[in-house]
Amino acid sequence: MSDRARKIILISHCLLNVNSKVEGINPFPGVHKELLQILVEKDYGIIQLPCPEMTYFGISRWAHVRDQFDFPAFREHCQKLFKPILHQIQDYSDNGYHIEGIIFVEGSPSCGLTKVTKGENWKGVNSADGYAKLLEESTKIPGKGIFVQELEKLLNQADFKINHYVLDEKYPKNSLETLRLLL
């Protein structure tokens with residue numbers, strides 16, 4: 001038997017690469033060091049999920065709310081991104097590895113687990129001032145992000161049970177302490 005811990009955790013893309021976020025949304029400079037430190041200390045292998053927003057809209061995109069991602073082509077895109085990951089974790093599991101769970105980003109329109117960003121009347125912007133006003137009016141509401149919804153569909157279809165965790169970047173200390181206890 002090898003000396004591998006045989007523990008795997010999946011993690012939202014932007015927690016390991018903040019550069020994938022919309023410009024100006026920078027809760028940390030590059031990688032979420034505190035979260036990474038917890039995972040390293042606990043001997044987890046890490047699978048970084050792809051960012052559906054970046055892969056669909058690119059790095060130069062503007063901020064969106066969940067409603068704007070709630071259309072068939074984006075949902076299909078999310079499923080296409082996750083299917084190869086699902087195959088990986090099924091193979092790991094079939095070979096004696098423990099898939100601990102997935103860490104999502106609270107408030108994200110794609111990766112929010114219990115809260116997502118919502119904005120009223122987000123149908124397009126015709127000026128920088130209009131965009132700033134929309135950002136100010138956005139709120140967090142109960143719900144799951146579109147990527148989370150599609151990922152859960154695929155996990156359910158495969159009858160694969162996996163824990164879900166969340167990092168709330170607005171309250172990182174509380175989130176990190178909770179994750180430290182749960183993982």
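1. The structure holds eight aromatic pairs; rings of Phe, Tyr and Trp (its six-membered ring) pair if their centres lie within 6.5 Å, and planes under 30 degrees apart count as stacked, over 60 as edge-to-face and the rest as tilted. The model is predicted: local features need pLDDT of at least 70, side-chain atom pairs count only at pLDDT 80 or more, and totals for chains, interfaces and linings use all residues. Residues are numbered from 1 along each chain as its sequence is written, and side-chain values use heavy atoms, leaving out hydrogens and water.

2. The ring centres of Y56 and F74 are 5.4 Å apart and the planes stand at 90°, so this pair is edge-to-face. Y56 belongs to helix α3 (residues 52–57) and F74 to helix α5 (residues 72–94), so the pair ties together parts 18 residues apart in sequence. Helices (H or I, at least four residues) and strands (E, at least two) are DSSP runs, numbered from the N terminus.

3. F74 also forms a stacked pair with F57, at 6.1 Å centre to centre and 25° between the planes. Y56, F57, F69, F71 and F74 make up one aromatic cluster.

4. F74 is buried, with a relative accessible area of 0%, whereas Y56 counts as partly exposed at 33%. Buried means under 20% relative accessible area, exposed over 50%, and partly exposed in between (1.4 Å probe, protein chains only).

5. Four strands form an open sheet in the order β2-β1-β3-β6, with parallel pairing; two strands pair if DSSP finds at least two bridges between them. The edge strands, β2 (45–48) and β6 (163–167), each pair on one side only.
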